[in-house]
Every structure is written in structure tokens, then in C-alpha cells.
Amino acid sequence: MDVIARAQADLARGDTIAARNGLLDALPRNPSSPTVLELLAYTYLLLGDRAAAGAVWFLTDKADDDPTASAAFAALQKQYRSPLMLAGALPIHAPSDWYPVRAQMRLERLGAAIAANGQSWIPPRDVVYFDEDGVDSDDFYGARTVDEDDADDGLETSSYRTVRQRAIAATIVIAIVATSASVVLALVFG
């Protein structure tokens, strides 16, 4: 039984705690799943925690003027008066560009509000660490960009890495494979 079916079965039995716990366990593996996020938000509403529902809906495509969501967003802002504290309450488990456009816009507005207070915040999964050779974690992932002329879903893959970065990334992968192979050979013939 998948996590959604299990959570729905738990909710049908009236076990909102089990539904919430199962969805929270699934969230790191499915960080931007609209179904998991929506069901988790509704589960929080059933538990009477509007602020938590607002924190989850913050990362979805839910419209700001939706009556249920707007009440949850208001409860979230009331509970976390500081934009930085509100940012800490969000269940972010993925880079911000994995979330729907509305959620990305909310995150940008939140970042601007934090900056207006003279503070600094980057969504947790957006942090990139560079080494001295210029290789960062993005060298191993395709970037997603919004193209306004694209008639599909608005997302396309773009390749923005330099040849040098690709060569370094390939060298690292080859070194890892070679090291693993030499260890296996040493164990077998050593």
C-alpha cells in the first residue's frame, strides 16, 4: 500500500495522528509531491493546527485567495511573527525550484521580507558549496528554467555548466569508480 492510500485509510478510520506521521515520513522522499503536501495540509487541518497546514500549503500551488488556505496562511503568520521564524517553520526538503511557481513566488517574497529586516536567509536546500576548482553540487543535476514561450508545462532542461566543470565532475566520478575497482581487486586477489 502506498503512502497516500495508507494515509487515506488512516483518515477514514479517524486516525489522524497515524496519517500525519506517515505523510511526514514520506515527505523527505517526496518533497515536492503535490498529493503528499495537500493531504498533509488537510490532515493538519483535521488536527486543528491551521498554522502547520499553512506552512505545508506555502510550498504548494494553492492560491493565496483560497478561503481555507488564506485562513491557514493567516494563522501561520500570526504564530510566526518574524519572517525568519516563519521560514524556519516551512517543511522544505527540496530545492525551491522543485516546488510550483506559486510556492517559488511565496519563497521569494519571504526572502525579500527577511532581507528587508536586515537578515539573511536562503531556503535550506538551495545552499551551494563551491570548492576551489569551481565544482558545485549543481554540476551533477540538470537545471530547470521557465521558458515563457514553451507551450508544454513551462519547464525545460538547460545546460549552463562550462566544459571545465563537466570535465572536473567526470574526473571525480572516474576516480571514485577506479578507487572502488582497486579495492575490490585487492580484496579478491590480495
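The model is predicted: local features need pLDDT of at least 70, side-chain atom pairs count only at pLDDT 80 or more, and totals for chains, interfaces and linings use all residues. Residues are numbered from 1 along each chain as its sequence is written, and side-chain values use heavy atoms, with hydrogens and water left out.

**Overall fold**

- The chain has 8 helices and 2 strands. These are DSSP runs numbered from the N terminus (helices: H or I, at least four residues; strands: E, at least two).
- Along the sequence the order is α-α-α-α-α-α-α-β-β-α.
- The chain has 190 residues, and 31% of them count as buried. Buried means under 20% relative accessible area, exposed over 50%, and partly exposed in between (1.4 Å probe, protein chains only).
- The accessible surface is about 11,700 Å², with 57% belonging to carbon and sulfur atoms. Areas come from the Shrake-Rupley method with a 1.4 Å probe; for residues, only the protein chains shown count as cover.
- Among contacts between residues at least 6 apart in sequence, 46% join residues at least 24 apart. Contact means heavy atoms within 4.5 Å.

**Aromatic pairs**

- The structure holds 2 aromatic pairs. Rings of Phe, Tyr and Trp (its six-membered ring) pair if their centres lie within 6.5 Å; planes under 30 degrees apart count as stacked, over 60 as edge-to-face and the rest as tilted.
- Y42 and W57 pair edge-to-face, at 5.2 Å centre to centre and 90° between the planes. Y42 sits in helix 3 (residues 34-46) and W57 in helix 4 (residues 50-57), so the pair ties together parts 15 residues apart in sequence.
- Y42 is partly exposed at 38% relative accessibility. W57 is buried at 0%.
- F58 and F73 also pair edge-to-face, at 6.5 Å and 85°. F58 is in the loop between helix 4 and helix 5 (67-79), and F73 is in helix 5, so this pair too ties together parts 15 residues apart in sequence. Both F58 and F73 are buried.

**Salt bridges**

- The whole structure has 6 salt bridges. A salt bridge is a side-chain nitrogen of Lys or Arg within 4 Å of a carboxyl oxygen of Asp or Glu.
- R102 and D61 meet at 3.8 Å, N to O. R102 is in helix 7 (residues 101-116) and D61 in the loop between helix 4 and helix 5, so the bridge ties together parts 41 residues apart in sequence.
- R106 and D64 meet at 2.8 Å, N to O. R106 is in helix 7 and D64 in the loop between helix 4 and helix 5, so the linked parts are 42 residues apart in sequence.
- R106 is buried at 4% relative accessibility. D64 is partly exposed at 38%.
- D64 also bridges to R109, at 3.1 Å, N to O. R109 is partly exposed, with a relative accessible area of 46%.
- Salt bridges that share partners join D10, R13 and D15 into one network.

**Helix 8**

- Helix 8 has 27 residues and reaches 38 Å from its first C-alpha to its last, close to the 39 Å expected at 1.5 Å a residue. The expected span is 1.5 Å times one less than the number of residues.
- Its buried residues are Q165, I168 and A169.
- V188 lies in helix 8 (residues 163-189). V188 counts as exposed, at 56% relative accessibility.
- V183, V184, L185, L187, V188 and F189 make a nonpolar surface patch of about 660 Å². Patches are made of residues with over 30% relative accessible area and no salt bridge: like charges are joined within 9 Å, nonpolar side chains (Val, Leu, Ile, Met, Phe, Trp, Tyr) within 5 Å.
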